[in-house]
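Subject: Structure handover

Hello,

The structure is below, followed by notes on what was found in it.

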Amino acid sequence: MTSLELCRQQRERELPRFVKVLKAIPDTRQDYRPDPKSRTAVELAWLLSQSEAALVTLLDTGTIEWKESKPTGGLSSTVAAFEKNAAAVNERLARLDEKGWEKKGRFLMAGMPPWEESVGGFVWGFLFDAIHHRGQLTTYLRPMGGKVPSIYGPSADDSGA
């Protein structure tokens with residue numbers, strides 16, 4: 001199995017887990033943050049959505065121009081944006097060949113030197129970063145009055161059945 005094939009497979013497995021966590025955020029507590037320096041729950045959800053949108057741009061153009069932004073709507077529109085963007089990434093990955101996977105991409109952020117990496121390296125890196133932020137978000141759920149869904153197995157709130 002190639003790295004591209006493994007990534008396609010892993011994304012297919014992970015994306016429903018992301019959606020379960022995003023939908024577990026209590027709508028009335030989307031502004032929760034555990035510390036003033038932390039992002040709010042909806043900001044973390046938005047970051048996940050925007051990361052997927054950035055990957056769409058990378059796969060279409062070879063370059064990401066990252067700009068931090070605030071959520072443009074509430075939680076339901078953020079979850080819908082995540083689902084739409086993640087599906088778009090998966091569609092593009094399904095059409096991508098090994099040459100496109102190995103092609104150099106660029107990540108640009110104001111004031112920083114360009115980061116160059118293979119498209120595959122970026123896609124894997126973004127997946128790992130998203131899993132990290134999903135983990136952050138799961139730690140918010142119980143203090144917000146929500147329930148932690150089963151992700152890789154049962155949780156204290158969800159047997160996974």
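Buried means under 20% relative accessible area, exposed means over 50%, and partly exposed lies in between (1.4 Å probe, protein chains only). This is a predicted model, in which local features need pLDDT of at least 70 and side-chain atom pairs count only at pLDDT 80 or more, while totals for chains, interfaces and linings use all residues. Residues are numbered from 1 along each chain as its sequence is written, and side-chain values use heavy atoms, with hydrogens and water left out.

Aromatic rings

There are eight aromatic pairs. Rings of Phe, Tyr and Trp (its six-membered ring) pair if their centres lie within 6.5 Å; planes under 30 degrees apart are stacked, over 60 edge-to-face, and the rest tilted. Phe 18 and Phe 82 make a tilted pair, with 5.6 Å between centres and 40° between planes. Both Phe 18 and Phe 82 are buried. Trp 115 and Phe 122 pair edge-to-face, at 4.8 Å and 65°. Phe 122 is buried at 1% relative accessibility, whereas Trp 115 is partly exposed at 43%.

Salt bridges

A salt bridge is a side-chain nitrogen of Lys or Arg within 4 Å of a carboxyl oxygen of Asp or Glu. The model has nine. One of them joins Lys 70 to Glu 43, with the closest N and O atoms 3.1 Å apart. Lys 70 is exposed at 58% relative accessibility, while Glu 43 is buried at 16%. Glu 14, Arg 17 and Arg 134 form a salt-bridge network.

Regards
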